[in-house]
Amino acid sequence: MKVQEIAGYASDLPKNDDHPYRTGAWRPQHTEYDAWDLDVVGEIPEDLTGTYLRNTETAVFRPIKRYHPFEGDAMLHSISFGGGEARYANRFVKTEGFLAEQQAGRSLWAGITEHPSNAIAEHGWGARGMLKDAASTDVIVHRGEALASYYQCGELYRLDPVTLEDRGVSKWGCQYSGRGVAAHPKVDAHTGELMFFNYMRDDPNLGYGVIDAAGELTNYVEVPFPGPRQPHDMAFTENWTILNAPSLYWNIEARAAGYFVNTFHEDEPLRFALIPRHGSVEEVRWFEADPTFILHLTNAYEDGDEVVLDGFFEHNPGIWGSGPSNPKYPGFDALALDAMDARAHRWRFNLVTGQTSEAPMSERCAEFPMVNHLHAGRRHRYSYNALGVPGMFAFNGLVKHDLDTGDEEVLEAPEGVFLSEAPMAPRDHSTAEDGGYLLTFVSDVPNDRSECWVLDASCPSDGPLARISLPERISSGTHSTWSPAT
């Protein structure tokens, strides 16, 4: 392996840190690298062409009060494939907040679990205000640019997907809508359009917009919701966009005191708003379903008079009954997938009758679904989901779920080895939905190393076709994407 160290960044984290999300699988790294001629066990497929990107939440400075992993700064990891070779790069996303804290040498914004008045900075971002826009939640690729996003609404930071060269801020985020963009904008590979949503803490309207293949905002409407909500994900079909008003949202009494605490309203239905992709508020169709919170949706498609939506239903959205696994840092076990008890679920919206039908699709606790991006918004059969570590927000396995037959094929990681959300990369010129590869960054804590695994998407339980070494063990994080070569 040939490695060039690009830059290192200041940090004042304690040397003997014991925070569960700054150690182990979440141990941060503060050095940027380029690496090539990577060491490989097995063989990189010749018909794998494109770039795998992952966004990780990286602790840099001691928090003003408590540290929450979702407020770590964004570090993107990029590994590009072509001709049986691979090249790696990692870079911090140079957000305004990251640069300000590097200059100050300390944290300037309070975390998401703290009162906003604890911030040292005089301005901030996010739907609730006075947060640091860390851009560390998701990453997608649109018009040849990687876009890093923050879950409570912020700017979209643009980077070259291969080199991770900084390209500044998207021109249409806060400038056009005034609200920024929530974590999960969606790209239709067939039209080149990007759909996004946003929300604010005191506004009952949810913003929805469309960016065309030329990068221009072509549609932006505000959909009246039952009250201020904080949905996390959206979906689309060829003709419809699906938004949701969850049954879990900010507690009114806590809000009055200036705190932002979520409460599950178990008697309040989950509401879905279906809006034509380029439609108006007058064309919104509302549907109701069993109360829950949706963290992530899998995909949606049209089936005759019905719109079919796959996603994950939380059977314990209030996180009732979960006790602190770490007495010094209580509450973080509530981030674990097993605490949420999320399982695959399907909703059907009948556009003729206005009725919703729904059914569980699996008894297995999982989340963070991925599909072949060419099937996004179209009929899909397979979902590739992450399996969670009990009591911890981290992944230790992957499952290929056949939604037609119900069959599930599982890959379990060895003890102390943590995987990432695994996008599906279609094989060059493949037409089969599972004709391609799953890609996952792996952190092997016992052996203090990281690799990128390449798995056969048709049979991932067979294990990696290739294990590609990285320069340093990377931190855990949330989302990833696959960008085919153009």
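Predicted model: local features only at pLDDT ≥ 70, side-chain atom pairs only at ≥ 80, totals over all residues.

Asp-448 is partly exposed, because its relative accessibility is 42%, and the term covers whatever falls between buried, under 20% relative accessible area, and exposed, over 50%, as computed with a 1.4 Å probe on protein chains only. Residues are numbered from 1 along each chain as its sequence is written, and side-chain values use heavy atoms, with hydrogens and water left out.

Which residue does Asp-448 form a salt bridge with? The partner is Arg-473, and the closest N and O atoms are 2.9 Å apart; a salt bridge here is a side-chain nitrogen of Lys or Arg within 4 Å of a carboxyl oxygen of Asp or Glu. Asp-448 sits in the loop between β31 (436-444) and β32 (449-456), and Arg-473 in the loop between β33 (464-469) and β34, so the pair ties together parts that are 25 residues apart in sequence. Arg-473, with a relative accessible area of 6%, is buried.

Let us turn to another pair, Asp-303 and Arg-348, which form a salt bridge whose closest N and O atoms are 3.2 Å apart. This pair links distant parts of the chain, since Asp-303 belongs to strand β21 (residues 297-303) and Arg-348 to strand β23 (residues 342-350), 45 residues apart. Asp-303 is partly exposed at 38% relative accessibility, and Arg-348 is partly exposed as well, with a relative accessible area of 21%.

How many salt bridges does the structure hold? There are 39, and some residues are linked in a network of salt bridges, namely Asp-188, Glu-193, Glu-238, Arg-277 and Arg-378.

Asp-37 lies in the loop between β2 and β3 (40-42) and Lys-2 in strand β1, so parts that are 35 residues apart in sequence are tied together. Asp-37 has a relative accessible area of 41% and is partly exposed, and Lys-2, at 45%, also counts as partly exposed.

Now to the sheet itself, which is open and is formed by 6 strands in the order β1-β2-β6-β5-β4-β34, with antiparallel pairing; two strands pair if DSSP finds at least two bridges between them. Its edge strands are β1 (2-8) and β34 (477-484), each of which pairs on one side only.

On to the next neighbours: 2 bridges join β2 (residues 31-36) to β6 (residues 85-92), where Asp-34 has Ala-89 in β6 as its bridge partner. Finally, 5 of the 6 residues of β2 are buried, so this strand is largely enclosed by the rest of the structure.

Methods: Helix = DSSP H or I, 4+ residues; strand = E, 2+ residues; numbered from the N terminus.
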